[in-house]
Amino acid sequence: MKKPPSEEPEERLTVTPPKTWAAGVPAVGHALAYSLDETSVRRAGTTLLNVNQVHGIDCPGCAWADPAPGHRHRNEYCENGAKHINDEATSRRVTADFFRRHPVSELGRRSDLWLNQQGRLTEPMVKRPDADHYEPISWHDALGLLAEELTSLDTPDEAVFYTSGRAGNEAAFVLQLFARAFGTNNLPDCSNMCHESSGFALHETLGTGKGTVGLEDLHHADLILLVGQNPGTNHPRQLSALEQAKLNGGRIIAVNPLPEAGLLRFRNPQKPRGVIGPGTQIADRFLQIRSGGDLALFQGLNRLLLEAEDARPGTVLDHDFIRSSTSGFDEFSAHVRTVDWDDVLTATGLSRREIEEVRDDVLRSERIIVCWAMGVTQQRHAVPTIREIVNFLMLRGNLGRAGAGACPVRGHSNVQGDRTMGIWEQMPDTFLDALQREFGFDPPRAHGLDSVNAIRAMHEGRIKVFLALAGNFVRAAPDSAVTEEAMRRCRLTAHISTKLNRSHTVCGRTALILPTLGRTERDIQSAGEQFVTVENSMSEVHTSNGRLKPASKLLLSEVAILCRLARRTLDDGRTLDDGRTLDGEADIPWDRFEADYGAIRQCISHVVPGFHDFNRRVVRPGGIRLPNPVNEGVFATPAGKALFTRNGRAAPDVPEGHLVLQTLRSHDQWNTVPYTDDDRYRGIHGSRRVVLVNPEDLAELGLAEGQCVDLVGVWDDTVERRASAFTVVPYPTPRGCAAAYFPETQVLVPLGSVAESSNQPASKAIVVRLEPAEPADTGPGAAPR
């Protein structure tokens with residue numbers, strides 16, 4: 001067993017010029033070095049040769065689609081995917097002895113990096129009330145304790161069931177089924193914090209919350225706009241698709257506040273051109289937009305397209321598509337013509353000429369795709385921004401045909417699949433009716449709590465039990481101090497986890513750690529070896545088959561944990577205040593579900609549209625592609641057509657002497673977990689507590705390179721949110737904008753600062769001032785102040 005580090009790495013910041021290209025041979029070296037530091041050559045070889053292969057292990061990292069069978073490289077993974085899969089396959093172990101040596105109070109002061117480096121959890125643990133140590137507990141007693149807490153609640157709505165995108169479809173379906181049979185729709189998930197705005201905007205305008213394109217569409221698009229995303233770090237395999245688009249003659253426009261290496265040039269390590277040659281230029285244009293300026297950009301573009309149609313009637317807009325497939329065009333057209341150019345240029349920081357050049361690219365293109373990620377979705381006006389992107393696509397008929405469409409790029413392996421399986425606090429009645437027909441009980445109909453409202457409810461004492469299926473809720477959620485206090489007010493918190501994270505150290509009066517199999521590990525149940533299924537960003541569902549021996553004999557699969565908990569909780573027949581008995585007349589075969597995941601998939605095929613004959617179809621090479629109604633000319637909106645919308649002007653309001661801060665991930669990071677303190681593409685090494693600021697802004701604010709500052713959030717006059725002791729780094733950000741790493745800056749994101757309609761935290765629109773400070777303790781205990 002490899003020995004985990006006993007001490008925190010020493011912070012020693014060095015800054016080098018940002019990279020102007022991504023991947024290449026260095027990416028291979030970094031991936032292999034990290035993998036071999038975590039585990040053996042044999043285990044690393046097993047994972048890497050099987051990841052993203054047909055009937056192999058689906059990468060637990062991002063949700064990017066795989067090439068079709070027969071077109072996959074033998075090494076079908078990126079640097080970050082290799083790190084992530086071997087981070088899970090690590091040979092390091094967290095045992096009961098570890099918890100005897102480290103009290104919870106000490107673990108709470110440890111960094112996210114150090115906690116993750118300790119290795120895989122190996123047995124169930126419990127922290128008793130008023131205790132400062134976790135201690136071993138049997139599975140029987142752990143699930144009994146959790147079931148007893150659940151059944152003692154005054155109402156099922158006093159429990160919350162949170163899910164992260166790491167869970168497979170089978171576990172997600174079982175969890176939502178358990179929660180609804182228990183009697184609640186309190187099913188928040190990580191989508192609430194990453195792409196909820198995409199779902200709301202697309203549902204409203206197109207009648208579906210999912211993107212409309214596949215991988216082949218990207219390959220053959222004439223023009224791709226990448227808006228508010230950094231594929232080189234957050235979904236690196238997208239670079240291969242963009243490279244193919246360029247080789248096929250497509251053009252790419254990057255719209256982003258920061259010049260990201262992957263958006264500039266890609267050196268594909270799987271091709272000679274990427275190893276010894278210059279690689280491929282990705283972005284033909286780079287629009288360095290101010291944070292929050294995307295809505296204004298697309299409003300300006302849409303006005304220019306309407307004016308181009310005025311000048312050359314019948315040559316710019318797709319009138320047939322607009323007439324047959326959309327509604328609201330006249331109202332939209334009248335509104336967008338009133339867009340003020342001074343407002344557009346102020347909000348975007350761009351020149352009118354730059355925007356006109358994009359219009360010219362659009363007019364030369366038959367097939368256009370717009371990709372976006374959290375740089376768009378985590379704005380207060382994210383929903384109207386995405387609606388305006390849909391307006392842009394509809395003007396020239398770029399929906400429902402090959403090489404064109406909307407592409408929200410989701411960043412977590414099965415986050416889209418979890419939502420498809422019913423992990424949503426607002427599932428429609430059609431889904432609930434299908435559950436009722438399949439299992440013989442009437443699911444609750446009242447909408448439940450999303451992530452933000454769950455935090456509020458916990459903070460107010462209305463939630464007593466918090467159960468998390470994977471994830472690191474405490475660090476992913478906004479307003480760190482409020483979130484941590486909310487968790488501590490719970491009577492019991494329980495986490496189904498593979499590795500240690502901060503959510504295990506910020507816990508309820510009683511806390512459970514329920515260790516589970518990772519996606520890399522073989523899952524043997526009484527009916528034999530099992531596989532799970534996942535859905536990628538492009539609505540493709542396929543299998544994932546573990547290959548490694550489990551990290552401990554005491555691990556249970558996610559499905560097994562949930563099925564056993566459901567039996568213990570629902571089979572006691574407790575009667576609720578309304579006279580209903582838990583599990584009522586439900587016919588839910590929990591034992592059969594645990595023994596054979598095919599039984600779960602059989603039920604999914606009866607409940608979830610598009611999953612007919614699921615067991616047979618999903619094992620075919622490449623799996624199945626779920627139908628997208630937009631691509632069949634069907635729009636499930638009240639009008640039965642795609643909807644043009646009128647969206648008001650909006651941009652961050654930044655007082656003089658302040659900056660608008662965006663949170664971001666470093667290159668060596670997966671979700672909330674950093675793998676090192678380096679971000680080599682941006683030239684940051686040895687520390688994460690840095691703030692990137694335009695040199696002209698530094699001069700205007702009277703600050704110097706290397707100076708220590710506190711980031712002070714400006715939201716209201718009652719609560720000061722402060723992230724202490726950050727080092728100033730001059731960086732080519734837009735004027736008035738700054739950037740710092742997530743999750744260290746989550747403390748600055750107010751719980752009330754959310755996107756309109758979607759209630760998604762606005763982590764890319766934080767107004768801050770920079771106060772000179774003395775270097776101080778920068779351990780994790782300092783971050784959530």
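## Salt bridges, step by step

R285 and D361 pair up in a salt bridge, with 2.6 Å between the closest N and O atoms; the term means a side-chain nitrogen of Lys or Arg within 4 Å of a carboxyl oxygen of Asp or Glu. The model is predicted, so local features need pLDDT of at least 70 and side-chain atom pairs pLDDT 80 or more, while totals for chains, interfaces and linings use all residues. Residues are numbered from 1 along each chain as its sequence is written, and side-chain values use heavy atoms, leaving out hydrogens and water.

**Exercise 1.** Work out which parts of the chain R285 and D361 tie together.

*Solution.* Start with R285, which lies in strand β12. D361 sits in helix α20 (residues 352–363), so the pair ties together parts 76 residues apart in sequence. Helices (H or I, at least four residues) and strands (E, at least two) are DSSP runs, numbered from the N terminus.

**Exercise 2.** Find the salt-bridge partner of K246 and decide: is K246 buried or exposed?

*Solution.* First, K246 meets D284 at 3.5 Å, N to O. Next, K246 has a relative accessible area of 16%, so K246 is buried; that label means under 20%, with exposed over 50% and partly exposed in between (1.4 Å probe, protein chains only). D284, at 27%, is partly exposed.
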